[in-house]
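Dear colleague,

I am passing on the model we discussed, with notes on what turned up in it. Please read them with the structure open.

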Amino acid sequence: MTAPIQARRPARAARGTGRPRWAGLLVRPALIVAGLLVLWLWTRGQRLDSIEARNVNGEVIGSQVLEHVELTLICTALTIAIAVPLGVAVSLSRSRVGRVVVLGLGNLGQAIPSVGLIVLLALVISIGVGTAVIALVAYAVLPVLRNTMVGIEGVDPVLTEAARGMGLSRLAVLFTVELPLAVPVILAGVRTALVLTVASAPLAALIDGGGLGEGLFTGLSLNRPVISVTFGVLVAALALFADWLGLLAEMFLRPKGM
Amino acid sequence: MPEPTGRPGETIELTDVTKRYPGQAEPAVEAVSMVIPAGEVVVLVGPSGCGKTTTMKMINRLIEPTSGTITIGGTDVLTLDPDQHRRDIGYVIQQIGLFPHKRIEDNIGLMPKVLGWSRSRIRARVAELLELVGLPADYARRYPRELSGGQQQRVGVARALAADPSVMLMDEPFGATDPITRDHLQNEFLRLQREVRKTIVFVTHDFDEALKMGDRIAVLRPRSVIAQYDTPEAILAAPADDYVASFIGAGGQLKKLALLRLRDVELAPAPRAEGLPRIAVEATARDALDLMLGEGSDVVLVTDDFGDDATVIGSLDLRMVMGAAAGEAGNP
Amino acid sequence: MTFAEYLRENWITIVNDTILHFDVTLGAIAIAVVIGVGLGMLTYRHSTLAALATTTTGAFLTVPSVALLGVLIAPFGLGVLPVLVALVVYALLPITRNTIVGLQEVDPAVVEAGRGMGLSRTRVLWDLRLPLAWPVIFAGVRVSTQIIIGIAAIGAWVQGPGLGNQIFDGLGRFGGANSLNQVLTGTLGIILLALLFDLALAGVARLTTSRGIRA
């Protein structure tokens, strides 16, 4: 959903040695912890009826968080494994058709409602975790694919010419020059995909795929705000945390010297 | 001699080399034939768009010729694997093209690494090349963006020399630097070339740079047609036609003086007089003239070296300088 | 029943859902433009404030829509209201950020010329910066629209309006006669609406951009 915005994000100004501001990095986790603390205090203050008590307890929450994280990790790993090689292949092939298809799909992908996609696939394939994984990966592949292509194509042609002029083979140019320089853009795509997956993963619960969506949708359909708020805040916290991890990855995996 | 000078230059020969792009009526390069002697700097000079860069890039096959043959040291380069072929040719471009994510040592050491050199050998080579191009050894650990433009271009030259090629191609290598830095880099490069004796094809649109850098100059017309191919002195003395003369422009005589080293001039014995301006024998007749005009003296003392304690070996007066411009330069 | 038959029999409901989907999206975008452009105009001159505005609105966008809706029904109850609020929240980042970037990147020479003529800072903002930044701002509006048009589908779960109802109805009678048709209608309808919306916005962008700076 956020791919073009991520792509527009201006490169962080490189000041001096570009040392990250550590204090600034800790604001996010602190806010997340504070939010969770408020949630805990709030639910403790509520009188829970039996349905609420059955959903809002440590055991249920723990297992759903675990499922959610597992689902997200599997999907993100699959997404990267599919999208990066595919993006490399498309940009190496210099095929104009492939480019147009991918970028066009990338724009269209934004408009595809995730809930529609996941329910459709469940109807066509079957309900369950497997289908949820397929739907989530299909949804998250686009930003990574797109950023991989954009990243590789964004490498200064002077550098690839210099590398080719030195006698590096096409493949060597890819691995020593193009891919390393595309890493920041690819990582931005991965971060987008990660957040997208955490955010869409609750929908998996609609088709029996488990995760925090179970509690969330229970709360919504039974009109029990205590339940939906609890799980809503948990999902939000997880998403903000995932985004923060993505930020860390972008800072530490970016090639040095840039 | 240590490694950088290990491999001497090889002769490059272009025969009827033509480049035709599909869908264009005129060829970009038309039937160029020239011999670039081993160990010399040959400058291709001409207006932008005349095909000089295309001609150069056909030598390392970044652009494939449509027809004609190119040989280096007698081997037809079109029969070689392009990547293998390029590894034997140093390539320096105006935009430098240092890899921003690699330290200087990794930029310079990239080709040796690809060629499978041992780590210690690469490290020694990097240190040697940094010294050769006049950069401090600790720059090896820096990233390109931490260097000035001039320093980056020295690294670019070092990187091109890393695998000890016999031939170097240089595409306006100093074009993006300010005049002072450029002058400096040019001088350093000439010093370096005296050591390494590679065969160098040097592309520029700046005729003064061509005069300074070239052992020979090829003045090119559009489609890379050779208007004149000769030594700088010969071109200055006898431009082949108006086209070549237009490059020399005004001040052709002064340009000749700039090519004439004082050591090649017959000096008069040193007079006894005190307080005359002094100039080193390494300087040019143009420098001597500058000094005379600047100091308001029509005689200068010529010394064997730079510095105040150098020995005076002769003298030079205004009339001798003017005679040199008229006679000497035309027939070196 | 085939897809075509389903469409023929239910077109009144479908058109109704589509119109409601369009309405809630347009309403949210209108509110988000007022807030986002206003926020951008207030903060673009101070880099700290501008950064704060973009990180805050960016954090909103990171919060999953289902989670936000789950939280919003506590204060707002079920229905249109929580959906509208959620959509506005999601639409803020692209509009705010593009406003800030657009206003900041106006050629300083133009601003200086304006100031030199004696235009006040406010006049420079309204007469020079805003019109020149408009294409960038509007690009943000288009991105926002694409984002929230899909999110609006989820709003049906909290009894919000729009094509999401087709999807959730289909899900509700999972495996039933028309479930696939309904989900397909909802999904394709939203994609189609998004494309048409974007096309329309592209037209508006052209009409509202000064002829002198049109691409």
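Contact between chains A and C

In this predicted model, chain A puts 37 residues into its contact with chain C, and chain C puts in 38 residues. On the side of chain A that touches chain C, the elements that each supply at least two residues are helix H1 (3-8), helix H5 (96-111), helix H6 (114-124), helix H9 (170-200), helix H10 (213-221) and helix H11 (225-253). H11(A) gives the most to that side, with eleven residues. Sorted by class, the side of chain A that touches chain C holds 27 nonpolar, nine polar and one charged residues.

Annotated segments of chain A

An unreviewed UniProt entry carries the annotation "transmembrane region" for residues 21-42, 71-93, 114-142, 162-181 and 227-249 of chain A. Two of these stretches were looked at in the model. Residues 71-93 of chain A are 100% helix and 0% strand, with 33 Å between the end C-alpha atoms. For residues 227-249 of chain A, the chain is likewise 100% helix and 0% strand, and the end C-alpha atoms are 33 Å apart.

One residue in chain B

B:Glu266 sits in the loop between helix H11 (252-259) and strand S11 (278-280) of chain B. Is B:Glu266 buried or exposed? B:Glu266 counts as exposed, because it has 10 C-beta neighbours inside 10 Å and the cut-off for exposed is 12 or fewer. B:Arg154 lies 112 residues from B:Glu266 along the chain, and their C-alpha atoms are separated by 36 Å.

Regards

Terms used: Residues numbered from 1 in each chain as written. Chains lettered and ligands numbered in written order. Predicted model: local features only at pLDDT ≥ 70, side-chain atom pairs only at ≥ 80, totals over all residues. UniProt positions renumbered as here; feature names shortened; annotations may be inferred. Helix = DSSP H or I, 4+ residues; strand = E, 2+ residues; numbered from the N terminus. Contact = placed C-beta atoms within 7 Å. Nonpolar A, V, L, I, M, F, W, Y, C, P; charged D, E, K, R; others polar. Buried ≥ 20, exposed ≤ 12 C-beta atoms within 10 Å, placed from the backbone.
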